[in-house]
Amino acid sequence: MQWLNSDEIEALRLSLSVAARSVTCSLPLAIGFAWAVARGRFFGRTLLDAFIHLPLVLPPVVVGYGLLVLFGARGILGGWLAGTFGVHLVFTRNGAALATAVMSFPLMVRAIRLSLENVDRGLEDAARTLGAGPCDRFVTITLPLMLPGILAGVVTAFSAALGEFGAVITFVSNIPGETRTLPLALYTALQEPGGEHAAARLAAVSVTLGLGGLLLSEWLARSLRPLLGR
Amino acid sequence: MLKVTAKHRRTGFSLDVDFDLPTPGVVTLFGRSGCGKSTVVNIIAGLLHPDEGRVALDDTVLLDTSIPIRLPAERRRVGYVFQDARLFPHLSVAANLRYAERRAVGRPYVTFEEVSRLLDIGSLMHRRTHQLSGGERQRVAIGRALLTQPRLLLLDEPLAALDAARRDEVLPYLQTLRDELKIPMVYVTHDFDEVLRLATHVVLMDRGSVTAQGDVASMSLDSRLRSIIGPDQVGAILDGWVAGFDPASQLARVEVGNGTLNIRTKPLATGASLRVQLLARDIIVATHAPQHLSVRNSLQGVITRIDGDDMDADLITIDIGAGRAIDLGTQRVLARITKAATEELALRPGLAVWALVKSVSLRGYPLGACRPQPRS
């Protein structure tokens, strides 16, 4: 890695780490919300659906601002988290993960929801007649059949998390080694005189990661198809 | 005994059924598409909850909306074979079967190996489900349902999606289940041929309600059944027993009513039960004992009724069971003859006649040993 300097490598590693945390923590929630929106029958389901999709249509700065209000040192949740668990989110990489998770959440829920809606309810009925209860059916039938959508959602959300800029810089600022992810590093490089080469290298890394993600997701989808009998 | 009462109303459809079915045995729910047959099996399985109803299998109440009891489908121990098989696509054939086996409760009466042998699916075990033919899929689906050790097996048009050749491939396996495992089955179909080959009991449904029910022999004489199956399929069904088989002529002598029919079949053991269909259009009616005829079968009886048929024909019902020592249930045959012939022969109820039919017109369907044996 001769052509990346240590700061740039740091930014790359940080980006991957933030995206990984973001996706890992939001995946179970995304499956839960996808289930609620696709299968749930409760009052306010449409409102919940709209709320989940909000980050897609809001300026990222607004999301970052919202997070500051909620999770800031004097925010409603932020104060409680710091007081009870000693968890600080503002200006930390966990905060960056939270910001990217919120921003990429609608993409993940969308992909998972689509795959859930494609699961043949008849197969779940068949599992019922074979003696499988609700949790059993979900784990042994529904979840495996949703797998392509879940993986697609994970890859999309991971890629989006790598590239999230506005919400991150608003919520956790641009601290080298803590919250300066790839796009933030690229932005910083462009602000400095003589940073064009660094910017070009970082852009190349972003393109490579994005392309790799797309190819990986395509390959996964293809290799899963025979396993699911399609 | 399976007792089902259910009322269910949805836009454009209303179901109101009430019937008791004997177990074991194969009960067919027969009727045109959309008459509510599948709704009934879904209610029995617990996949659909009726507005009002009660379902009881022997002494277990599965559903009673008045108490209320509502056993979930997964705890009813009722097997279900769907029209589209519904094998799990992400599992192999063996894994599909094991899925059911692992979730079985109660005393097992059939093992994995037995199911594999009875349905001849041992060679398919490692295949993925999308690599199976339609007939193979249904055999695996039947095996999977059996491995839950069900008290009752529901089959919702399991052969409807198959072509004639595949249907003939699967039917013998269903006969084997009926005769060897003696598992009670409720079988939904709109194909009368399947009724003929499998059923011991028929429930006739039309527009959400039960219009008639009874054993196959008596139902074959029912005018409501006749209106569904069409004039060419109309004919009495007699369940008789084999008195002997002549290997040289390939003819089985089958005792029915107060006579004997010679039927071309594959070799059958003496004493085996055989169902015979005598199509009304193939029956000749004679007012004197026949002589000098090539016809191999003549049954003596008495005309009990004459109904006008469509197309200028009469449907003559002839009782051939009078004075018989052996109780074989309803023993009547139907003959369709022209109105002109009825007049010329002066046929009327009470008249003694002979019903004649050629051996080659008869088809026999083995019934295993689930029919009553001679008392003598």
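This report walks through some strands, sheets, helices and a chain contact in the structure above.

The model is predicted, so local features need pLDDT of at least 70 and side-chain atom pairs count only at pLDDT 80 or more, while totals for chains, interfaces and linings use all residues. Residues are numbered from 1 along each chain as its sequence is written, and chains are lettered from A and ligands numbered from 1 in the order in which they are written.

Let's begin with strand 4 of chain B, residues 52–57. Helices (H or I, at least four residues) and strands (E, at least two) are DSSP runs, numbered from the N terminus. The covered face of strand 4 of chain B holds G53(B), V55(B) and L57(B), while E52(B), R54(B) and A56(B) lie on the uncovered face. In a regular strand the side chains alternate between the two faces of the sheet.

Which strands pair with strand 4? Two strands pair if DSSP finds at least two bridges between them. Strand 1 of chain B (residues 2–10) runs antiparallel to strand 4 of chain B and is joined to it by six bridges. Here V4(B) stands opposite V55(B). Strand 5 of chain B (residues 60–64) also pairs with strand 4 of chain B in the antiparallel sense, over four bridges, and V61(B) in strand 5 is the bridge partner of A56(B). Strands 4 and 5 of chain B form a hairpin with two residues between them, and D58(B) in the turn has a positive phi of about 50 degrees.

**Two open sheets**

Further along chain B there are open sheets to look at. One has five strands in the order 14-13-12-15-21, paired antiparallel. Strand 14 (259–264) and strand 21 (363–366) of chain B stand at its edges with a single partner strand each, so one side of each is left without a neighbour in the sheet. From one strand to the next, the twist averages 40 degrees.

Another open sheet of chain B has five strands in the order 16-20-17-18-19, again with antiparallel pairing. Its edges are strand 16 (284–286) and strand 19 (332–338) of chain B; each has a single partner strand, so one side of each lacks a neighbour in the sheet. The twist here averages 45 degrees from one strand to the next.

| Antiparallel strands of chain B | Bridges |
|---|---|
| Strand 12 (residues 235–246) and strand 15 (residues 273–279) | seven bridges |
| Strand 17 (residues 297–308) and strand 20 (residues 352–357) | six bridges |

A236(B) has L278(B) in strand 15 as its bridge partner, and V302(B) stands opposite A352(B) in strand 20.

The axes of helix 2 (residues 93–102) and helix 4 (residues 134–146) of chain B come within 7 Å and cross at roughly 25 degrees. Axes are lines fitted to C-alpha atoms, for helices over the stretch in contact, and angles run from 0 to 180 degrees between N-to-C directions. That crossing makes helix 2 of chain B roughly parallel to helix 4 of chain B (angles under 35 degrees count as roughly parallel, over 145 as roughly antiparallel, 65 to 115 as roughly perpendicular and the rest as oblique). V93(B), N96(B), L97(B) and A100(B) in helix 2 meet V140(B), G143(B) and R144(B) in helix 4.

**Where the chains touch**

The contact takes 22 residues from chain B and 16 residues from chain A, where two residues are in contact if their C-beta atoms, placed from the backbone, lie within 7 Å. On the chain B side, strand 7 (78–81) and helix 2 are the elements that give two or more residues. Strand 7 of chain B gives the most, with three residues.

Technical notes. A residue is buried if 20 or more other C-beta atoms lie within 10 Å of its own, exposed if 12 or fewer, and partly exposed in between; C-beta atoms are placed from the backbone.
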